[in-house]
Amino acid sequence: MPAEQASPPGGPAVPRLRVENLHKTFRSGRGGGDRTAAVAGVSFSIAPGEAYGLVGGSGAGKSTVARLVLRLLPATQGRVWINGQEVTSLSPRQLRPIRRRVQMVAQDPFQALHPAMSVRELVAEPLVIHRLGDGAEREERVLRALEEVALTPATTYRNRLASELSGGQRQRVAIARAIVLEPSLLVADEPTSMLDASVQMEVLSIFRELRVSRGLSILLITHDLAVARHTCQRIGVMRTGTIVEEGPVQRVISQPRHDYTRALLEAAEA
Ligand code: ADP
């Protein structure tokens with residue numbers, strides 16, 4: 001299986017993520033008679049080293065897109081490519097090597113980390129699960145990941161328990177856990193919405209640094225335009241399952257073309 005397709009010399013790079021005409025309809029109610037079109041025809045792509053934000057209010061379908069990309073949910077319709085490889089119809093076994101290349105940072109750093117595990121154990125766990133490296137190599141990779149999320153000096157943090165850490169420190173550990181496998185794409189779903197405002201920007205800066213230093217691509221899910229502006233080059237504004245407007249983040253914010261984007265901007269200023 002080709003792990004990652006090289007881009008042709010001088011040609012455009014293969015997107016890290018490409019999503020085409022994605023749909024997800026949930027059935028609920030008695031006999032599954034009620035249908036919610038949570039995602040209704042979403043397309044976008046993310047280049048190497050690019051951070052793309054899906055921005056919109058609650059219920060817009062952003063998290064569902066993230067779950068479809070990660071194949072935590074099956075799509076009703078549409079296709080997803082990761083590093084040029086179509087993943088929509090792969091079996092769980094075929095998906096396994098690709099899973100390693102796509103990592104997730106969740107919203108709640110308290111739920112994501114077992115409180116009684118040490119920072120070292122938490123960050124090394126993905127390496128253990130994927131049977132990568134020996135003890136010394138794992139230790140080196142753990143320390144490097146901790147340095148990259150600015151838990152420095154890493155040697156002072158590695159023996160701390162998750163329960164001893166603040167929310168911002170926990171989210172840094174969650175990011176270190178995600179990057180220790182050296183993914184090419186990070187999916188971050190509202191990664192700072194549970195953090196104090198003062199810590200939010202620090203954590204977002206880590207995403208930016210990882211993008212620049214590692215060429216990491218990022219899919220950021222957020223309801224907050226300020227968060228997207230700080231982190232993303234391009235955004236798609238989502239409402240009721242569709243992207244109503246897409247473009248470079250500065251353009252979308254300074255010259256919104258859709259009424260819903262204007263409403264989001266006004267709400268943010270209020
Ligand atoms: P957002 O992340 O933008 O807040 P979501 O993707 O979480 O939006 O939800 C989009 C819509 O899909 C909402 O109407 C939500 O109630 C519905 N939804 C999400 N997950 C499920 C589910 N597992 N079952 C039924 N409906 C769901």
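How exposed is Arg-144, in terms of relative accessible area? Arg-144 is partly exposed, with a relative accessible area of 39%; on this scale buried means under 20% relative accessible area, exposed over 50%, and partly exposed in between, with a 1.4 Å probe and protein chains only. The structure is a predicted model, in which local features need pLDDT of at least 70 and side-chain atom pairs count only at pLDDT 80 or more, while totals for chains, interfaces and linings use all residues. Residues are numbered from 1 along each chain as its sequence is written, and side-chain values use heavy atoms, with hydrogens and water left out.

Arg-144 forms a salt bridge with Glu-140, the closest N and O atoms being 3.8 Å apart; a salt bridge is a side-chain nitrogen of Lys or Arg within 4 Å of a carboxyl oxygen of Asp or Glu. Because Arg-144 and Glu-140 are 4 residues apart in helix 5, about one helical turn separates them. Helices (H or I, at least four residues) and strands (E, at least two) are DSSP runs, numbered from the N terminus.

A second salt bridge links Glu-202 with Arg-172, and here the closest N and O atoms are 2.9 Å apart. Glu-202 lies in helix 8 and Arg-172 in helix 7 (residues 167-179), so the pair ties together parts that are 30 residues apart in sequence. Glu-202 is partly exposed at 44% relative accessibility, whereas Arg-172 counts as buried at 10%. Elsewhere, salt bridges that share partners join Glu-50, Arg-234 and Glu-246 into one network. The whole structure contains 14 salt bridges.

Helix 5 also takes part in a helix-helix packing. Helix 4 (residues 119-129) packs against helix 5 at an angle of about 120°, with their axes 9 Å apart. Axes are lines fitted to C-alpha atoms, for helices over the stretch in contact, and angles run from 0 to 180 degrees between N-to-C directions. The crossing of helix 4 and helix 5 is right-handed; a crossing is left-handed if the near helix is turned anticlockwise from the far one by less than a right angle, and right-handed if clockwise. On the helix 4 side, the residues that meet helix 5 are Val-119, Arg-120, Val-123, Ala-124, Leu-127 and Val-128. Their counterparts in helix 5 are Arg-138, Glu-139, Arg-141, Val-142, Ala-145 and Leu-146, where contact means heavy atoms within 4.5 Å.

Four strands in the order 2-1-4-5 form an open sheet with antiparallel pairing; two strands pair if DSSP finds at least two bridges between them. Strand 2 (34-46) and strand 5 (85-86) are the edge strands, each pairing on one side only. Strand 1 (residues 17-28) is joined to strand 2 in the antiparallel sense over 10 bridges, and Ala-40 in strand 2 is the bridge partner of His-23. Helix 1 (residues 62-69) packs on the sheet and touches strand 1, strand 2 and strand 4 (77-82). The direction of helix 1 makes about 115° with that of strand 1. A further salt bridge connects Glu-86 and Arg-79, with the closest N and O atoms 3.1 Å apart. Glu-86 is partly exposed at 24% relative accessibility, and Arg-79 is likewise partly exposed, at 37%.

Helix 11 (residues 259-269) has the buried residues Tyr-260, Thr-261, Leu-264 and Leu-265. They lie on the same side of helix 11 because they cover an arc of only 140° around the axis, the arc being that of the directions from the helix axis to the C-beta atoms. The cover over these residues includes strand 3 (51-55), helix 9 (225-231), strand 9 (234-239), strand 10 (242-248) and helix 10 (249-254). On the face turned away from the buried side are the exposed residues Asp-259, Glu-266, Ala-267 and Glu-269.

Some backbone features of the loops remain. Thr-240, in the loop between strand 9 and strand 10, has a positive phi near 40° although this residue is not a glycine. Thr-240 is exposed, with a relative accessible area of 60%. Glu-190, also not a glycine, has a positive phi of about 45°. Glu-190 belongs to the loop between strand 7 (185-189) and helix 8 (197-214), and is buried, with a relative accessible area of 12%. The peptide bond from Thr-152 to Pro-153 is cis, with omega near -10°, and Pro-153 sits in the loop between helix 5 (135-148) and helix 6 (154-157).
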